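Colleague: I have a new structure open and have not worked with it before. Please walk me through it.

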Amino acid sequence: MNQNRNTSLKVYLEAKKKIIDEALERHLPGEDNYPAVIFKAARYSVFAGGKRIRPILCLASAEAVGGHIESVIPVACALELIHTYSLIHDDLPAIDDDDYRRGRLTSHKVFGEDIAILAGDALLTEAFRLMSDISLMKKVSPEKLLLVIHDITEAAGCFGMVGGQVVDVQSEGKDVDREVLNYIHTRKTGAMITAAVKAGATLSNANEVELNALVSYGRHIGLAFQIADDILNVEGDQALLGKGTGSDAKRGKVTYPALMGLEASRKKAGELVKSALSVLKNFDHRAEPLRMIAGYIVERRS
Ligand code: GRG
């Protein structure tokens with residue numbers, strides 16, 4: 001990526017992250033609610049940092065089809081709440097047993113396993129409380145909102161993230177082929193990324209051609225994102241990542257580098273980005289953030 005593009009991307013990501021962080025602060029109930037510990041634990045993980053890539057993709061997709069980001073912010077925040085729940089549960093002793101996430105101790109290390117499980121449950125449920133808030137229907141069509149809630153539910157559940165996670169844990173230490181690996185990556189990570197892109201476009205009244213192109217963009221960058229994550233687990237910097245590295249190999253996880261090596265993994269991620277860019281070819285300058293994010297997904301260091 002050239003220097004100007006890098007600067008624009010940085011400015012764009014920082015500005016959108018600020019919007020999302022401020023909205024999350026408004027939408028997530030405070031620690032003054034009862035029972036305080038659950039609000040404290042939920043907020044601990046949500047405000048631990050995080051790139052906010054899913055909500056940013058939702059906003060960028062809305063912009064690409066001429067939508068207003070104000071109308072999609074609550075749904076964008078809900079995507080981040082669901083994502084944060086998945087991280088809390090993923091880190092639990094029964095799953096990946098990780099001590100660090102987003103540069104801090106994981107939820108179960110601070111609050112105990114019981115509250116960490118409940119904090120994840122709380123965030124997942126809060127996401128649906130937020131998306132189904134009647135006030136949102138003044139900004140977007142109720143039919144479109146229902147479609148989006150359905151898409152996000154599918155992406156988060158057994159046909160998406162949870163299904164991918166199940167096959168992931170069951171494949172640890174086993175020889176699995178590329179088909180199974182792709183099932184895991186496209187469901188575990190790709191589904192929510194695709195849903196984020198699709199949600200922004202649907203709520204912004206994208207036409208069918210635009211919607212199909214954006215879903216295809218989401219699928220390509222979703223898989224590229226998880227391949228990049230696999231590569232960072234091998235050769236990333238723990239301090240920048242805010243979490244441990246090397247854990248995939250230790251646990252015998254099925255990953256792109258494990259199956260085909262680092263070089264071929266990088267090549268595959270690069271090809272996916274190229275394909276993602278090519279499906280955006282008929283979009284105008286308003287899709288520029290989506291184009292920049294596609295490149296960022298494989299070049300990021302955290
Ligand atoms: C129900 C016990 C139980 C577990 C389910 C569904 C699930 C937990 C986990 C899904 C697996 C998962 C965590 C997928 C996401 C993989 C991934 C690339 C995470 C990192 O995302 P980033 O890089 O992280 O966007 P930040 O911290 O920047 O938000």
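Colleague: Which helix gives the most to the shell around the ligand?

Modeller: Helix 4 does, with five residues. Helices here are DSSP runs of H or I with at least four residues, strands are E runs with at least two, and both are numbered from the N terminus. This is a predicted model, in which local features need pLDDT of at least 70 and side-chain atom pairs count only at pLDDT 80 or more, while totals for chains, interfaces and linings use all residues. Residues are numbered from 1 along each chain as its sequence is written, and side-chain values use heavy atoms, with hydrogens and water left out.

Colleague: Which helices each supply at least two residues of that shell?

Modeller: Helix 3 (53-64), helix 4 (69-91), helix 8 (161-171), helix 9 (178-203) and helix 10 (208-235).

Colleague: How many residues surround the ligand, and which are the closest?

Modeller: The ligand has 19 residues around it, and the closest are Lys51, Arg54, His83, Arg102 and Gln165. A residue is near a molecule or strand if one of its heavy atoms lies within 4 Å of it.

Colleague: And what is the shell around the ligand like by class?

Modeller: Five nonpolar, seven polar and seven charged residues. Nonpolar covers Ala, Val, Leu, Ile, Met, Phe, Trp, Tyr, Cys and Pro; charged covers Asp, Glu, Lys and Arg; the others, Gly among them, are polar.

Colleague: Where does a polar side-chain atom of lysine 51 lie?

Modeller: It lies 2.5 Å from an oxygen atom of the ligand. For arginine 54, a polar side-chain atom is 2.7 Å from a ligand oxygen, and for histidine 83 the distance from such an atom to a ligand oxygen is 2.8 Å.

Colleague: What percentage of the ligand's accessible area does the protein cover?

Modeller: The protein covers 87% of the 740 Å² that the ligand has on its own. Accessible areas come from the Shrake-Rupley method with a 1.4 Å probe, and for residues only the protein chains shown count as cover.

Colleague: Is cysteine 58 buried or exposed?

Modeller: Buried, with a relative accessible area of 0%. Buried means under 20%, exposed over 50%, and partly exposed in between, with a 1.4 Å probe and protein chains only. Cysteine 158 counts as exposed because its relative accessibility is 59%.

Colleague: How many salt bridges does the structure hold?

Modeller: There are 26, each being a side-chain nitrogen of Lys or Arg within 4 Å of a carboxyl oxygen of Asp or Glu. One of them joins glutamate 63 and lysine 16, at 3.3 Å from N to O. Glutamate 63 is in helix 3 and lysine 16 in helix 1 (residues 3-27), so this pair, 47 residues apart, links distant parts of the chain. Glutamate 63 is partly exposed at 22% relative accessibility, whereas lysine 16 is buried at 9%.

Colleague: What does aspartate 90 form a salt bridge with?

Modeller: Arginine 101, with the closest N and O atoms 3.6 Å apart. Aspartate 90 is in helix 4 and arginine 101 is in strand 1 (residues 100-101), so the pair ties together parts 11 residues apart in sequence. Aspartate 90 is buried at 16% relative accessible area, and arginine 101 is buried at 15%.

Colleague: Which residues are linked in a network of salt bridges?

Modeller: Asp96, Asp168, Glu172, Lys188, Arg251 and Lys253.

Colleague: On to the backbone. Which peptide bond is cis?

Modeller: The bond from tyrosine 34 to proline 35 is cis, with omega near 0 degrees. Proline 35 sits in the loop between helix 1 and helix 2 (36-46).

Colleague: What is phi of aspartate 97?

Modeller: Near 50 degrees, which is a positive value in a residue other than glycine. Aspartate 97 is in the loop between helix 4 and strand 1, and it is partly exposed at 43% relative accessible area.

Colleague: And where does asparagine 205 lie?

Modeller: In the loop between helix 9 and helix 10.

Conventions: A polar contact is a pair of N or O atoms within 3.5 Å; within protein, one must be able to donate a hydrogen and the other to accept it, and residues adjacent in sequence count only if both atoms are side-chain atoms.
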